[in-house]
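Okay, thanks everyone, let me get the model up on the screen.

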Amino acid sequence: MSEYSFFTVMNIHEYQAKELFADAGVAVPNGTVAQNEQEFDQALSALPEGESIVVKAQIHAGGRGKGTFTNGFKGGVHVVPDAAVAKEKAQSMLGNVLVTNQTGEEGKEVGTVYFTEACDIEKEYYLAVLMDRATSMPVIIASTEGGVDIEEVAESSPEKILKVLVDPALGLRAYQVRQIAFGLGLSGDSFKQCVKLIIKLYTFFWTKDCSQVEVNPLVTTPSGDVLALDAKVNFDANALFRHPDVVELRDLSEEDPKEVEASKFDLNYIALDGNVACMVNGAGLAMATMDIIKHYGGSPANFLDVGGGANEEQVENAFRILVSDDTVKAILVNIFGGIMKCDVIATGIVNAARKLDMKVPLVVRLEGTNVAEGKQILADSGLALEPADTLAEAAEKIVKLAAKA
Amino acid sequence: MSVLVNKDTRLVVQGITGSAGSFHTTQCMEYGTNVVAGVTPGKGGQKFQDTVPVFDTVQDAVDKEGANVAAIYVPPPFAADSILEAVDAEIPLVIAITEGIPVRDMAEVKARLATSNTRLIGPNCPGIITPGECKIGIMPGYIHKPGKVGIVSRSGTLTYEAVWQITSAGHGQSTCIGIGGDPINGTSHLEAVQLFHEDPDTEAIILIGEIGGTAEEEAAAFIKENVDKPCAAFIAGRTAPPGRRMGHAGAIVSGGKGTAEAKMEALLDAGISVAETPSHIAEALFKVWKP
C-alpha cells in the first residue's frame, strides 16, 4: 500500500498539464507561472513585450472565468493588453479565495497564477480522451462546439458530438484520426496540425495512464494554427507507481486535510455535510451504512472505509480523524469481520476510546469472525457505548443519539 | 447445485507464496477447496504447506496438475500480466482478487479476453464461493451455507451482509460471485445473472449493486425479458455526492449518470424486489421467494 493507494484519481493544475502537453508535442500557447508577488516581473518578462496576456488563477476546479473571489474581485481568468495590467490582476488573485460553480461555497485559495500569450481565435472546438466504461476502451470525443459546457451540447445536440473508440490491442489508427479532423470540418494546414495534435494527445493519455484528458477549447487561429488553449488532465491513481514524475505534481493544498491525513494510514475517507460519523470495513458496506443512516432520518458526516485488514492503529487513527470534526455528534461503527476479526476490532475501539477520551456517543455493530469475543470485550470495557446486533438497529440508535446530542 | 466452481474445481493460485496469497490459500484449503498447484516465478519446485506443488509458470500447473481455475493474489503492478498468463494457458476461469490494478492494464486484458475462451471474475473482488464445495477468495467461509440463492455483487462486506441474512434465516446459497468494484471488470452483473438463470439448482437471485455505470440496469433489462426466478436487489450509494468516487474506482455518479435512483427504478420496473436498506436484503427476497 502506498500513500496514494486510496484516492482513485489524481488531479493536476492547468499550467502543469500544459507543461506536460508541451513536452509531449501537443501545441499550447507559451506560458509562465508565479507563486508569489516577487515572481510576477520575471514571469511576465518571459512573454513577448507589448502583446496581450491571459491571466489565469490556478485551482483544481472548473468555472474559473465566471467565478468570484471572496475579496470581491470578479473572474479567475482575464485577457489584458500588457504586463502592467496583468500584474495588477494577478495581485488580486494570488493568495485569495476563488469561488466557482465547482468549488462549493468555501472556494479555493489561489496559490499559483498562470500567464500565457493571448492568441487570436478563429474557431473553438472540444477534444477529450477518456476511458469508456461501457466498452472498456479509450474513447476520443470531439465537437465543433468548443468553449462551452460539453454535457449540455451532448444533451441538446448529440449529433455534434464525435466519438471514436480505440481498441487497446490495435492502438489509435490513422483513419480514426482523420475521421475526427474531417468531422471537425478542418482542411489544409489546420487539418494536418489537428491530426498531429490528436495523435500526440492520445499517446500522452495512454502512456501516462490518464483517466481523462480534456481540451476545451481547442482552437484554430486566423493563420491556421491549432492549439490547446485549456487543459484538464487527471491520472489513474492506481498507475502512479510507474509515473514518479506525475506524483511530484500532486498539490496537497487542493485536497481536504482530513482526507490527506486519512490516506497516510491507508484509510479511505471522504468528508460529507452531516453529523453522524461512521467507520466501516469495505467500500460497498460503507456506502450502504451512509444510506441507512439517512434512511432512519440522520445525515452522514463522512464515508470511511478502513479496508479489509485494518489493525488497531488504523482504528485509532480513524477515530482521531472522525472526532477532529466538530460537527460530528455521534459515531457508528459497522464492521462485518471476515479477515478482520471482531475481537481485534473491539480491542482497537476500546483502546482508542480511552486514549482519545471520546465524548460523543458511540454505537458499535459487530458481526462475523469472533463476534462473541468482540462483544464481550466491548461489554467488559465499562465504556459508555451502545452495542447493536443488526445494521438497522445500529442506525436507528445512532440517529436518535445524534438528535439528542 | 452451483455455477462456475464446485468440488471438481482444480485450483491454481498465482502468487501463492506472497503474504495475501499464502494466508487466503490456507483458509481456502481448510474450507475444502481443491488447491492443486501454486505459481510463483522462481520458486518452482517448492511445496506450499508441504503438499501443494509450486511452479514457475501457469502452463506447468495446467500440464502437470490439470488446473482448471486460477486465483490471482499477485500485487497490482504485476497482476494484469498474471491474468494474461492464465489466459494464454487456456484456463477457462480466472478469479482476480487483487485491488488497485491500473485501468490501462485492465483495458488491455479486456481486449485479450475478447479473443479467448477464458472468463475473468474481478479484479478487486472477494472471489467466488459454492458453499460446502469450493471457496476461492477472501470471504469468511463459515457465514455461508449450501442452498438455493445465487448472489452477485460488486462489494465484499456488503455481500457478507446479504449472505449472513440468508443463512441466519435458515437458508443457503448456490454460489456467490463477487464481480469487483473496478470500472473495468471481467464478468458483469448481467453475465452472472445469466449463469444463475441457467443453473437448475439456483431458485432465487440476489443482485447487489452500487452507483456508477449501467451494469445494474443491463442486468435488470435481461431479468425483465428472460428470468422467471424470484429476484431481489439492493443498490448502495443513494447518499453519495455526485462527482466523488466512493472507495471503489467504479462507484461514481457523474454527469447525472449512474445514480442509485435510476438503478432502483430499472430494477423495480423489471419486477425485482428492491431492499430499502442493507439490513432488509433477505426480507426483500422472501417477499418474492417462498422457499
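So, in chain A there's an open sheet of four strands in the order 2-8-3-5, with antiparallel pairing. Strands here are DSSP runs of E, at least two residues, and helices are runs of H or I, at least four, all numbered from the N terminus; two strands pair if DSSP finds at least two bridges between them. At the edges of this one are strand 2 (31-34) and strand 5 (77-80) of chain A; each has a single partner strand, so one side of each has no neighbour in the sheet. From one strand to the next, the twist averages 20°.

Before I go on, this is a predicted model, so local features need pLDDT of at least 70 and side-chain atom pairs count only at pLDDT 80 or more, while totals for chains, interfaces and linings use all residues. As for bookkeeping, residues are numbered from 1 along each chain as its sequence is written, chains are lettered from A and ligands numbered from 1 in the order in which they are written, and side-chain values use heavy atoms, with hydrogens and water left out.

Back to that sheet. Strand 3 (residues 53-58) and strand 8 (residues 112-117) of chain A run antiparallel and are joined by six bridges. Then helix 3 (residues 83-93) of chain A lies across strands 3, 5 and 8 of chain A, at about 10° to strand 3 of chain A. Those angles run from 0 to 180 degrees between N-to-C directions, with axes fitted as lines to C-alpha atoms, for helices over the stretch in contact; contact means heavy atoms within 4.5 Å.

Over to chain B. Here seven strands make an open sheet in the order 9-8-11-10-12-13-14, and the pairing is mixed. Strand 9 (134-137) and strand 14 (273-274) of chain B are at the edges with a single partner strand each, so again one side of each is left without a neighbour.

Now look at strand 11 of chain B. Six of its six residues are buried, so the strand is largely enclosed by the rest of the structure. Buried is under 20% relative accessible area, exposed over 50%, and partly exposed in between, with a 1.4 Å probe and protein chains only. Strand 8 (residues 127-130) of chain B pairs with strand 11 of chain B in the antiparallel sense over two bridges, and B:Ile129 stands opposite B:Cys176 there. Strand 10 of chain B, on the other hand, runs parallel to strand 11 of chain B, with five bridges. Strand 10 of chain B is also parallel to strand 12 of chain B, through five bridges, and there B:Ile151 faces B:Ile206.

Two helices to point out on this sheet. Helix 8 (residues 260-269) of chain B lies across strand 12, strand 13 (231-236) and strand 14 of chain B, at about 175° to strand 13 of chain B. Helix 9 (residues 281-288) of chain B touches strands 10, 12, 13 and 14 of chain B, and its direction makes about 150° with that of strand 13 of chain B.

Which residues of helix 6 (residues 189-198) of chain B are buried? That would be B:His189, B:Ala192, B:Val193, B:Leu195 and B:Phe196. They span an arc of only 155° around the axis, so they're on the same side of helix 6 of chain B; the arc is taken from the directions from the helix axis to the C-beta atoms. Among the elements covering them are strand 11 (173-178) and helix 7 (215-226) of chain B.

On to the cores. A nonpolar core is a set of buried Ala, Val, Leu, Ile, Met, Phe, Trp, Tyr and Cys residues joined through side-chain atoms within 4.5 Å. The largest has 99 residues, and B:Val193 is one of those with the most contacts inside it, along with B:Ile95, B:Ile136, B:Ile177, B:Ile206 and B:Met246. Apart from that lies another core, of 71 residues, including A:Ile198 and B:Val58.

A:Cys194 is buried, at 0% relative accessibility, whereas A:Cys119 is partly exposed, at 24%.
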